[in-house]
Amino acid sequence: MRLEKDKFSVNLDVKHFSPEELKVKVLGDMVEIHGKHEERQDEHGFIAREFNRKYRIPADVDPLTITSSLSLDGVLTVSAPRKQSDVPERSIPITREEKPAIAGAQRK
């Protein structure tokens, strides 16, 4: 999982799965990725594969904006933009008080 300044993304190597064998869904504040294929023959014999991955969606990501794509070399990317804070940065001046914050504390 990668959390960049402007986006959240997850990259998974799923080259052993076809797009039909993959599912990506949002459940609450989690994105779930599931892949499964039934037993099939490979160069070593027969194999079946299945995986489940869950990732917490950051608070500044709208679950409705999450998308997924599968590259030709079998990398599944699930991503979404992060909400940009519209609040400009500002400095807060520090004022000095002439009394202690804790009653009974002495100034040194």
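Trainee: In β4, which residue is the bridge partner of K23?

Mentor: This is a predicted model, in which local features need pLDDT of at least 70, side-chain atom pairs count only at pLDDT 80 or more, and totals for chains, interfaces and linings use all residues. Residues are numbered from 1 along each chain as its sequence is written, and side-chain values use heavy atoms, with hydrogens and water left out. A strand is a DSSP run of E, at least two residues long, numbered from the N terminus. V24 has I33 as its bridge partner in β4, and for K23 the partner in β4 is H34.

Trainee: Over how many bridges do β3 and β4 pair?

Mentor: Strands pair if DSSP finds at least two bridges between them. β3 and β4 form a hairpin with two residues between them, and G28 in that turn has a positive phi of about 65°. β4 covers residues 30-42, and its antiparallel pairing with β3 has a bridge count of six.

Trainee: And over how many bridges do β4 and β5 pair?

Mentor: A hairpin through two residues joins β4 to β5. M30 stands opposite R56 in β5. The sense of the β4 and β5 pairing is antiparallel, and the number of bridges is eleven.

Trainee: Which strands stand at the edges?

Mentor: The sheet is open, and its three strands run in the order β3-β4-β5 with antiparallel pairing. Two of them have a single partner strand each, so one side of each is left without a neighbour in the sheet. These edge strands are β3 (22-27) and β5 (45-56).

Trainee: What does the twist average from one strand to the next?

Mentor: The strands concerned are those of the open sheet β3-β4-β5. Axes are lines fitted to C-alpha atoms, and angles run from 0 to 180 degrees between N-to-C directions. From one strand to the next, the twist averages 10°.

Trainee: Beyond its neighbours within four places in sequence, which residues is V14 in contact with?

Mentor: Contact means heavy atoms within 4.5 Å. Once the neighbours within four places are set aside, its contacts are L22, F51, L70, G74 and L76.

Trainee: Is E32 buried or exposed?

Mentor: Buried means under 20% relative accessible area, exposed over 50%, and partly exposed in between, with a 1.4 Å probe and protein chains only. E32 lies in strand β4. Leaving aside neighbours within four places in sequence, E32 is in contact with K23, V24, K25, L27, R53 and K54. The relative accessible area of E32 is 16%, so E32 is buried.

Trainee: Which side chain meets that of E32 in a salt bridge?

Mentor: A salt bridge is a side-chain nitrogen of Lys or Arg within 4 Å of a carboxyl oxygen of Asp or Glu. For E32 the N to O distance is 3.9 Å, and the partner is K54. The pair links distant parts of the chain, 22 residues apart, from E32 in β4 to K54 in β5.

Trainee: How far apart are the closest N and O atoms of K36 and E38?

Mentor: The whole structure holds eight salt bridges. K36 is partly exposed at 37%, while E38 is exposed at 56%. Their salt bridge has its closest N and O atoms at 3.9 Å.

Terms used
Helix = DSSP H or I, 4+ residues; strand = E, 2+ residues; numbered from the N terminus.
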